[in-house]
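Here is a walk through two ligand sites, one after the other. Keep the 3D view open and follow along.

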Amino acid sequence: MKTKVGIIGGGPSGLLLSQLLHLRGIDNVVLEKHSREHVLGRIRAGVLEHGFAELMREAQCGARMDAEGEIHEGFHIAHDGIRSRVDLAAHTGGNSVLVYGQTELTRDLYDARDSMGGTVIHDAADVQPHDITSPRPYLTYRLGDEAHRIDCDYVIGADGFHGVSRRSIPRGALREFEKVYPFGWLGVLSRTRPVSPELIYARHERGFALCSLRSQVLSRYYIQVPLSDAVEDWPDEAFWEELKRRLPEDVAGELVTGPSIEKSIAPLRSFVAEPMRHGNLFLAGDAAHIVPPTGARGLNSAASDIYYLYHALADHYEKGEDAGLDGYSQKALARVWKAQRFSWWMTTMLHTFPDAIAYDQKLQQTELAYLLSSEAAMRSLAENYVGLPF
Ligand code: RFL
Ligand code: PHB
């Protein structure tokens, strides 16, 4: 098979780029390791920034998102038994975020690819990029016992943190920056009314907690847990009990509990690989960088990569201009690092660190006290949370 752009990974990054390129007449193929059911079974992001939503609309995938997604103009920070509201709209000149699940958004992208006749190959095993520094790179993969090959102009590595793309770049050509946090998030999805119509990020000495939602009948909650914990250590009852302990009393009193319909633990990590290009292989999204979920930046950072790549590839194929492709890594990384900084800051301010000395704890309390007392600090938080411009 022959195509212009070979995309590894059928998560939100790969599918969104595929859809945008297709709309510009740029032929592409997506290779996804797993089945569609598997991809749609992963419960991840819930908060989308304005720029991401705009890109979904440009990809002609915004209709259900606009109909069913919820506009959120603020969220809460719970601490010391009380709640303080962060008014996103007031601090950003009317900006907001959209609460719409990554699962739904991925489903919309698959539907759009299907209805336009896009090529998304599932269960592609042993995907491997070859000759990525030559002008004629190609991809190989297996479907069952059959070996396949796709020749292309460019390879896009949108295969997430554990994918093959980043690993196929020679060690010496890549610099990796990493910070691993000594805890994870245990997440529960339940078909219950959310405890609050707006998100609540809770700082508590027993550990961080987050009350989020997918809709007014579907709740998503998280608690900070030690890395040594497993999902089996947390039956539903124990989860609800611990969540309540970390929330202000009035909030805990309102919490509606129910059976979990999904429960998983995600370790917290910050990671960036530089540069995001090697020859004709371009990395995008989680394949190149990940953040702890505290600032809701992961998927949104992937979206800015896709925005830059999409325009760079369109310029190449439509105008013969390569400035966008040549500048991609530098441009994308500038924004990626700002999301890293914000996610690190939110994580550091709101979690309980097992090895923190008394001095660290005082500074952490002061950081939050300063934030809640300062108009300028609040504006900075709001500006980053709704998303910096692309
Ligand atoms: P994905 O979603 O990991 O998709 C990569 C796809 O590539 C496939 N793949 C391969 N395909 C072919 N060959 C191989 N060798 C392959 N290896 C892997 C995988 O099967 C997969 O389908 O990366 P992508 O598309 O870059 O998207 C990134 C986002 O998924 C991620 O950044 C967000 O989910 C992060 N995140 C959040 N981001 C936000 O912006 N807002 C949020 O509110 C938010 N909440 C979260 C989150 C991530 C979380 N977890 C579990 C890490 C909450 C959580 C709990
Ligand atoms: C979620 O709803 O899954 C979610 C929301 C906000 C975050 C992280 C995760 O910061």
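The model is predicted. Start with the shell around ligand 2, whose residues split into eight nonpolar, three polar and three charged. In total, 14 residues surround this ligand. The closest are Tyr-201, Ser-212, Arg-214, Tyr-222 and Pro-293.

Now look at the polar contacts. The side chain of Tyr-222 places an N or O atom 2.6 Å from an oxygen atom of ligand 2. Tyr-201 has a polar side-chain atom 2.7 Å from an oxygen atom of ligand 2. Ala-296 uses its backbone instead, with an N or O atom 3.4 Å from a ligand oxygen. Of the 280 Å² of accessible area that ligand 2 has on its own, the protein covers 97%.

Which strands build this shell? Strands S15 (209-215) and S16 (218-226) each supply at least two residues. S15 gives the most, three residues. Domain 1 (5-72 + 96-178 + 269-348) and domain 2 (181-268 + 353-386) both contribute to the shell, so ligand 2 lies between them.

Move on to ligand 1. Here 33 residues form the surroundings, and the closest are Ser-13, Glu-32, Arg-42, Gln-102 and Asp-286. The shell divides into 14 nonpolar, 12 polar and seven charged residues.

A backbone N or O atom of Gly-298 lies 3.3 Å from an oxygen atom of ligand 1. Alone, ligand 1 exposes 1000 Å², and the protein buries 88% of that. Helices H1 (12-23) and H9 (298-319) each give two or more residues to the shell. H9 has the largest share, three residues.

Key. Residues numbered from 1 in each chain as written. Chains lettered and ligands numbered in written order. Predicted model: local features only at pLDDT ≥ 70, side-chain atom pairs only at ≥ 80, totals over all residues. Heavy atoms only, no water. Near = heavy atom within 4 Å. Polar contact = N/O pair within 3.5 Å; in protein donor to acceptor, adjacent residues only side chain to side chain. Areas by Shrake-Rupley, 256 points an atom, 1.4 Å probe, with all protein chains shown as cover. Helix = DSSP H or I, 4+ residues; strand = E, 2+ residues; numbered from the N terminus. Nonpolar A, V, L, I, M, F, W, Y, C, P; charged D, E, K, R; others polar. Domains from an automatic or database assignment.
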